[in-house]
Amino acid sequence: MNKNERQKYPLVWQKDDLFIKIYSSIPNIATGILITTNSTTFVVDPGDGILRDLNKDAGADTILKISDIFITHGHHDHIGGVWSLLTYLSVMRKISPLNIFYPKGCKEIESIYKAFNTVYKSELSYKIKLIPIDGSKTISRNSVKIKSFKVDHKEYSESGDNPSPVPSLGYKFFYEGKSICYGGDSAYCESLVKHAAGSDLAIIEAGAENSDQTELHMTLSQAAGIGRTASEYFLVHIPE
Ligand SMILES: [Zn+2]
(Lines give C-alpha, C1' and ligand atoms only; values in the text may rest on other atoms or scores of the structure.)
Protein backbone atom coordinates (compact mmCIF):
# COMPACT_ATOMS: atom_id res chain seq x y z
CA MET A 1 0.00 0.00 0.00
CA ASN A 2 1.61 3.29 -1.02
CA LYS A 3 0.61 6.72 0.18
CA ASN A 4 -2.00 7.22 -2.54
CA GLU A 5 -3.73 3.97 -1.69
CA ARG A 6 -4.17 4.80 1.97
CA GLN A 7 -7.57 5.11 3.52
CA LYS A 8 -9.75 8.12 2.88
CA TYR A 9 -12.13 8.87 5.69
CA PRO A 10 -14.91 8.32 6.42
CA LEU A 11 -14.87 4.56 5.98
CA VAL A 12 -18.29 2.96 5.88
CA TRP A 13 -19.36 -0.67 6.09
CA GLN A 14 -22.83 -2.15 6.41
CA LYS A 15 -24.39 -5.58 6.53
CA ASP A 16 -28.16 -5.53 6.91
CA ASP A 17 -28.78 -3.03 9.71
CA LEU A 18 -25.34 -3.43 11.29
CA PHE A 19 -23.60 -0.22 10.26
CA ILE A 20 -20.23 1.27 11.06
CA LYS A 21 -18.73 4.59 10.08
CA ILE A 22 -15.15 5.47 10.90
CA TYR A 23 -15.03 9.23 10.68
CA SER A 24 -11.35 9.40 11.34
CA SER A 25 -8.39 7.33 12.53
CA ILE A 26 -5.25 9.41 12.29
CA PRO A 27 -2.41 8.82 14.75
CA ASN A 28 -1.86 11.68 17.19
CA ILE A 29 -4.89 13.54 15.80
CA ALA A 30 -8.16 11.65 16.25
CA THR A 31 -10.15 8.48 15.93
CA GLY A 32 -13.97 8.51 15.93
CA ILE A 33 -16.29 5.60 15.21
CA LEU A 34 -20.08 5.19 15.13
CA ILE A 35 -21.71 1.74 15.26
CA THR A 36 -25.46 1.36 14.88
CA THR A 37 -28.19 -1.21 14.41
CA ASN A 38 -31.90 -0.48 14.16
CA SER A 39 -32.05 -0.42 17.95
CA THR A 40 -28.57 0.56 19.14
CA THR A 41 -26.25 3.54 18.83
CA PHE A 42 -22.67 3.19 20.05
CA VAL A 43 -19.64 5.39 19.81
CA VAL A 44 -16.19 3.83 19.90
CA ASP A 45 -13.08 5.91 20.67
CA PRO A 46 -14.52 9.44 20.69
CA GLY A 47 -11.48 11.40 19.60
CA ASP A 48 -11.41 15.10 18.91
CA GLY A 49 -14.02 16.16 16.35
CA ILE A 50 -16.48 13.34 17.06
CA LEU A 51 -19.25 15.75 18.03
CA ARG A 52 -18.71 17.85 14.92
CA ASP A 53 -18.64 14.75 12.69
CA LEU A 54 -21.72 13.18 14.27
CA ASN A 55 -23.64 16.44 14.16
CA LYS A 56 -22.82 17.06 10.53
CA ASP A 57 -23.37 13.50 9.40
CA ALA A 58 -25.99 11.93 11.66
CA GLY A 59 -27.66 14.82 13.48
CA ALA A 60 -28.88 15.52 16.98
CA ASP A 61 -31.45 12.70 17.07
CA THR A 62 -28.75 10.08 16.53
CA ILE A 63 -26.38 11.72 19.02
CA LEU A 64 -29.09 11.70 21.67
CA LYS A 65 -29.61 7.97 21.13
CA ILE A 66 -26.01 7.11 22.06
CA SER A 67 -26.33 4.63 24.91
CA ASP A 68 -22.78 3.34 25.21
CA ILE A 69 -19.27 4.57 24.57
CA PHE A 70 -16.47 2.02 24.19
CA ILE A 71 -12.94 3.25 24.78
CA THR A 72 -9.93 1.20 23.76
CA HIS A 73 -7.32 3.22 25.69
CA GLY A 74 -6.64 6.64 27.11
CA HIS A 75 -4.39 8.23 24.48
CA HIS A 76 -5.63 11.68 23.55
CA ASP A 77 -6.37 10.80 19.93
CA HIS A 78 -8.91 8.23 21.15
CA ILE A 79 -10.69 10.19 23.88
CA GLY A 80 -10.17 13.88 23.01
CA GLY A 81 -13.85 14.38 22.13
CA VAL A 82 -15.36 12.95 25.32
CA TRP A 83 -15.82 16.25 27.16
CA SER A 84 -17.68 18.02 24.36
CA LEU A 85 -19.86 14.99 23.64
CA LEU A 86 -20.87 14.62 27.30
CA THR A 87 -21.60 18.34 27.54
CA TYR A 88 -23.65 18.39 24.34
CA LEU A 89 -25.80 15.50 25.56
CA SER A 90 -26.72 17.48 28.64
CA VAL A 91 -27.31 20.73 26.76
CA MET A 92 -29.66 18.78 24.47
CA ARG A 93 -31.35 17.29 27.58
CA LYS A 94 -30.53 13.62 27.09
CA ILE A 95 -32.55 11.62 29.60
CA SER A 96 -31.52 8.00 29.11
CA PRO A 97 -28.33 6.89 30.88
CA LEU A 98 -24.95 6.64 29.20
CA ASN A 99 -22.45 3.85 29.83
CA ILE A 100 -18.76 4.40 29.26
CA PHE A 101 -16.80 1.15 29.00
CA TYR A 102 -13.04 1.52 29.28
CA PRO A 103 -9.96 -0.51 30.21
CA LYS A 104 -9.47 -0.76 33.95
CA GLY A 105 -6.65 1.52 35.06
CA CYS A 106 -7.22 4.09 32.30
CA LYS A 107 -6.59 7.20 34.37
CA GLU A 108 -7.30 9.61 31.53
CA ILE A 109 -10.99 8.74 31.21
CA GLU A 110 -11.44 8.67 34.98
CA SER A 111 -9.83 12.11 35.27
CA ILE A 112 -12.00 13.57 32.52
CA TYR A 113 -15.12 12.15 34.14
CA LYS A 114 -14.13 13.44 37.57
CA ALA A 115 -13.50 16.95 36.27
CA PHE A 116 -16.67 16.86 34.16
CA ASN A 117 -18.72 15.77 37.12
CA THR A 118 -17.28 18.55 39.27
CA VAL A 119 -18.32 21.17 36.75
CA TYR A 120 -21.70 19.85 35.58
CA LYS A 121 -23.06 17.52 38.26
CA SER A 122 -25.81 19.87 39.43
CA GLU A 123 -27.21 20.45 35.95
CA LEU A 124 -26.57 17.12 34.21
CA SER A 125 -29.74 15.87 32.50
CA TYR A 126 -28.70 12.19 32.34
CA LYS A 127 -26.75 9.62 34.32
CA ILE A 128 -23.23 8.58 33.33
CA LYS A 129 -21.97 5.18 34.39
CA LEU A 130 -18.25 4.49 34.15
CA ILE A 131 -17.60 0.78 33.68
CA PRO A 132 -13.97 -0.34 33.92
CA ILE A 133 -13.19 -3.62 32.17
CA ASP A 134 -10.35 -5.85 33.20
CA GLY A 135 -9.46 -7.82 30.11
CA SER A 136 -11.92 -10.30 28.72
CA LYS A 137 -15.60 -9.64 29.34
CA THR A 138 -18.88 -10.13 27.52
CA ILE A 139 -21.40 -7.30 27.59
CA SER A 140 -24.95 -7.41 26.25
CA ARG A 141 -26.63 -4.24 25.05
CA ASN A 142 -30.03 -4.70 23.44
CA SER A 143 -29.40 -7.37 20.83
CA VAL A 144 -25.69 -6.67 20.48
CA LYS A 145 -23.09 -8.71 22.33
CA ILE A 146 -19.71 -7.11 22.88
CA LYS A 147 -16.62 -9.07 23.82
CA SER A 148 -13.62 -7.18 25.13
CA PHE A 149 -10.09 -8.52 24.93
CA LYS A 150 -6.70 -7.26 26.04
CA VAL A 151 -4.35 -5.97 23.38
CA ASP A 152 -0.71 -4.96 23.57
CA HIS A 153 -0.22 -1.19 23.43
CA LYS A 154 2.65 0.76 24.96
CA GLU A 155 3.88 4.30 25.35
CA TYR A 156 7.20 5.94 26.04
CA SER A 157 7.73 7.56 29.40
CA GLU A 158 9.08 11.09 29.62
CA SER A 159 12.57 9.74 30.17
CA GLY A 160 12.28 8.05 26.78
CA ASP A 161 13.35 4.69 28.15
CA ASN A 162 11.68 1.42 27.37
CA PRO A 163 8.00 1.74 26.49
CA SER A 164 5.57 0.60 29.16
CA PRO A 165 2.11 -0.93 28.67
CA VAL A 166 -1.02 1.22 28.78
CA PRO A 167 -4.37 -0.34 29.74
CA SER A 168 -5.74 -1.26 26.32
CA LEU A 169 -8.65 -3.25 24.95
CA GLY A 170 -10.03 -4.39 21.65
CA TYR A 171 -13.74 -5.02 21.18
CA LYS A 172 -15.65 -7.51 19.07
CA PHE A 173 -19.29 -6.68 18.35
CA PHE A 174 -21.68 -9.54 17.56
CA TYR A 175 -25.11 -8.91 16.10
CA GLU A 176 -27.49 -11.34 14.40
CA GLY A 177 -24.76 -13.67 13.17
CA LYS A 178 -22.42 -10.88 12.05
CA SER A 179 -19.35 -9.52 13.78
CA ILE A 180 -17.04 -6.53 13.73
CA CYS A 181 -13.64 -6.69 15.43
CA TYR A 182 -11.78 -3.51 16.35
CA GLY A 183 -8.37 -3.84 17.94
CA GLY A 184 -7.76 -0.21 18.93
CA ASP A 185 -4.04 0.52 19.00
CA SER A 186 -1.91 -2.56 19.40
CA ALA A 187 1.31 -4.22 18.51
CA TYR A 188 0.94 -7.65 16.91
CA CYS A 189 -0.66 -9.85 19.55
CA GLU A 190 -2.34 -13.23 19.72
CA SER A 191 -5.60 -11.99 21.25
CA LEU A 192 -6.17 -9.71 18.28
CA VAL A 193 -5.20 -12.45 15.84
CA LYS A 194 -7.74 -14.74 17.49
CA HIS A 195 -10.61 -12.27 17.60
CA ALA A 196 -10.11 -10.83 14.12
CA ALA A 197 -10.18 -14.28 12.52
CA GLY A 198 -13.54 -15.04 10.95
CA SER A 199 -15.02 -11.62 11.65
CA ASP A 200 -17.20 -10.10 8.95
CA LEU A 201 -15.17 -6.92 9.35
CA ALA A 202 -11.83 -6.44 11.08
CA ILE A 203 -10.51 -2.96 11.77
CA ILE A 204 -6.78 -3.17 12.33
CA GLU A 205 -4.32 -0.44 13.11
CA ALA A 206 -1.21 -0.10 10.98
CA GLY A 207 0.59 2.66 12.80
CA ALA A 208 4.12 1.72 11.80
CA GLU A 209 5.91 1.78 8.47
CA ASN A 210 7.10 -1.62 7.21
CA SER A 211 10.66 -0.47 7.85
CA ASP A 212 9.95 0.63 11.43
CA GLN A 213 11.21 -1.33 14.38
CA THR A 214 8.62 -0.49 17.01
CA GLU A 215 6.86 -2.23 19.85
CA LEU A 216 4.07 0.31 19.77
CA HIS A 217 2.20 -0.38 16.55
CA MET A 218 1.81 -2.88 13.75
CA THR A 219 3.30 -2.49 10.32
CA LEU A 220 1.07 -2.42 7.26
CA SER A 221 2.03 -5.97 6.35
CA GLN A 222 1.42 -7.30 9.87
CA ALA A 223 -1.95 -5.56 10.00
CA ALA A 224 -2.97 -6.73 6.53
CA GLY A 225 -1.98 -10.26 7.49
CA ILE A 226 -4.44 -10.17 10.38
CA GLY A 227 -7.06 -8.36 8.29
CA ARG A 228 -7.04 -11.07 5.65
CA THR A 229 -8.26 -13.62 8.21
CA ALA A 230 -11.57 -11.71 8.30
CA SER A 231 -14.09 -11.53 5.45
CA GLU A 232 -13.31 -7.85 4.96
CA TYR A 233 -10.97 -5.47 6.69
CA PHE A 234 -9.99 -1.85 7.06
CA LEU A 235 -6.48 -0.78 7.94
CA VAL A 236 -6.63 2.35 10.08
CA HIS A 237 -4.41 4.61 12.19
CA ILE A 238 -1.93 4.81 9.32
CA PRO A 239 0.54 7.72 9.62
CA GLU A 240 -0.15 10.50 7.12
ZN1 LIG B 1 -2.51 4.85 21.37
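Reader: Against which elements do the buried residues of α4 pack?

Author: This is a predicted model, in which local features need pLDDT of at least 70 and side-chain atom pairs count only at pLDDT 80 or more, while totals for chains, interfaces and linings use all residues. Residues are numbered from 1 along each chain as its sequence is written. Helices (H or I, at least four residues) and strands (E, at least two) are DSSP runs numbered from the N terminus, and two residues are in contact if their C-beta atoms, placed from the backbone, lie within 7 Å. The buried residues of α4 pack against α2 (60-64), α3 (76-79), β6 (98-103), α5 (107-120) and β7 (128-133).

Reader: Which residues of helix α4 are buried?

Author: A residue is buried if 20 or more other C-beta atoms lie within 10 Å of its own, exposed if 12 or fewer, and partly exposed in between, with C-beta atoms placed from the backbone. In helix α4 (residues 82-91), the buried residues are Val82, Leu86 and Leu89.

Reader: Within what arc do the buried residues of α4 fall, seen down its axis?

Author: The arc is that of the directions from the helix axis to the C-beta atoms. An α-helix has 3.6 residues a turn, so residues three or four places apart point the same way. The buried residues of α4 line one face of the helix, because they fall within an arc of 60°.

Reader: At what angle do α4 and α5 pack?

Author: Axes are lines fitted to C-alpha atoms, for helices over the stretch in contact, and angles run from 0 to 180 degrees between N-to-C directions. In the contact, Val82, Trp83, Leu86, Thr87 and Ser90 of α4 meet Ile109, Ile112, Phe116 and Tyr120 of α5. The axes of α4 and α5 are 10 Å apart, and the packing angle is about 35°.

Reader: Is Tyr126 buried, exposed or partly exposed?

Author: Tyr126 lies in the loop between α5 and β7. Leaving aside residues up to four places away in sequence, Tyr126 touches Leu89, Ser90, Lys94, Ile95, Ser96, Pro97 and Leu98. Because Tyr126 has 15 C-beta neighbours inside 10 Å, it counts as partly exposed.

Reader: Which strands are the edge strands of the open sheet of 6 strands?

Author: Two strands pair if DSSP finds at least two bridges between them. The sheet has mixed pairing and the order β8-β9-β12-β13-β14-β15. Each edge strand pairs on one side only, and these strands are β8 (137-141) and β15 (232-236).
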